[in-house]
Amino acid sequence: MATLSSVLIKLFSIFILIISISTPKAYSQSDGCQPSTNNSCNNKAEALPLKIIAIVTILITSMIGVCLPLFSRSVAALQPDRNLFVIVKCFAAGIILATGFMHVLPDSFEMLWSDCLKQNPWHNFPFTGFVAMLSAIVTLMVDSMATSLCSNKGRSEFLPAESDIGTPTSQGDQEMAMVTPGHFRSHHHAMVKEGVDAESQLLRYRVVAMVLELGIVVHSVVIGLSLGASNNTCSIKGLIAALCFHQMFEGMGLGGCILQAEYKFLKKAIMVFFFSVTTPFGIALGIGLSNVYEENSPSALITVGLLNASSAGLLIYMALVDLLSADFMGPKLQGSIKLQIKSYVAVLLGAGGMSVMAKWA
């Protein structure tokens with residue numbers, strides 16, 4: 001997994017570099033499209049305490065959400081091989097799917113079709129859909145190649161040398177091989193195949209967890225930045241409550257993937273830390289830039305709009321392909337129509353609840 005980790009770390013570093021390069025342009029004042037100064041809700045002095053409250057509450061709810069699945073091993077009904085775990089995971093996947101479709105994608109459309117942007121090219125071409133599509137394709141490429149690299153590496157380490165297969169190592173093995181010449185080889189191959197399949201599935205879970213974390217981190221920084229830079233006290237109050245629920249349930253989806261990946265404690269702690277602090281970090285960054293940040297400036301609209309579009313494509317791909325499709329086409333759900341129906345209901349409840357929250361956030 002060292003190769004995969006280094007690749008994803010490089011991708012995340014590139015993202016941070018892009019943000020740092022784009023920041024001076026995105027947060028510069030624009031002569032056109034200035035916000036209304038007559039709005040009674042715009043009060044910077046009153047907004048600051050609300051933002052501090054948002055940092056604390058979102059940090060706590062994020063940690064609770066992502067940690068809940070990790071402590072579920074102590075509850076017999078929530079073990080990864082139990083039906084209830086599958087249903088809860090489908091509920092969380094529905095939340096992630098609705099986050100992409102109902103929260104991130106519409107925000108990107110609204111920003112890139114804003115009247116503050118020039119007609120050409122922003123109103124003449126659907127950049128949001130185009131970037132989201134490219135993001136989904138790039139996510140597929142990373143997902144596929146990372147899985148292939150890790151699977152090949154794991155298989156080469158797991159499989160013994162061809163010359164050793166069928167070579168009995170103990171006296172008992174020699175006697176068994178003499179009595180049943182073909183049985184030892186076939187039995188050995190079956191054991192190796194079972195081990196390789198289990199190892200490949202585990203590697204698959206780890207790739208899914210890392211790619212999903214990357215997409216959520218990008219999205220979390222953006223939404224935190226928007227909240228931190230806003231001085232509208234009327235909208236911040238509703239946003240705090242909505243984002244707390246959003247981060248908790250999104251964290252449950254990510255926590256379930258981390259649990260299935262069976263990481264060691266240190267890597268689990270790192271992934272939990274990054275998920276928990278990215279939104280509060282975005283809020284703090286927005287507070288620091290609130291004096292120069294102009295959410296209606298063309299540079300800010302373009303930068304945040306394109307980031308939202310790429311995040312939406314990644315989240316939608318991960319929810320549909322790596323979470324929902326993998327579970328519903330797997331042997332557990334395919335073997336039980338009753339469990340499938342319960343899981344579909346869970347998906348609809350998760351997606352529906354998150355869609356309702358789009359009214360406030």
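Me: How many aromatic pairs does the count come to by the ring-centre rule?
Reply: Happy to start there, and note that this is a predicted model. Rings of Phe, Tyr and Trp pair if their centres lie within 6.5 Å. By this rule, the number of aromatic pairs is seven.

Me: Is the aromatic pair of W122 and F127 stacked, edge-to-face or tilted?
Reply: Good one to work through! The ring centres of W122 and F127 are 4.7 Å apart, with 45° between the planes. Planes under 30 degrees apart count as stacked and those over 60 as edge-to-face, with the rest as tilted. The pair of W122 and F127 is therefore tilted.

Me: How many residues apart in sequence are the parts that the pair of F328 and Y344 ties together?
Reply: These two rings are stacked, 4.4 Å centre to centre with 20° between the planes. F328 lies in helix α10 (residues 298–328), while Y344 lies in helix α12 (residues 337–357). The pair therefore ties together parts whose separation in sequence is 16 residues.

Me: Where does α9 bend by about 35°?
Reply: Helix α9 covers residues 265–288 and reaches 34 Å from its first C-alpha to its last. A proline, P280, follows the bend within four residues.

Definitions and conventions: Residues numbered from 1 in each chain as written. Predicted model: local features only at pLDDT ≥ 70, side-chain atom pairs only at ≥ 80, totals over all residues. Heavy atoms only, no water. Helix = DSSP H or I, 4+ residues; strand = E, 2+ residues; numbered from the N terminus. Expected span 1.5 Å × (residues − 1). Bend = angle between axes of the 7 residues up to and from the residue. Phe/Tyr/Trp six-rings, centres within 6.5 Å; stacked < 30°, edge-to-face > 60°.
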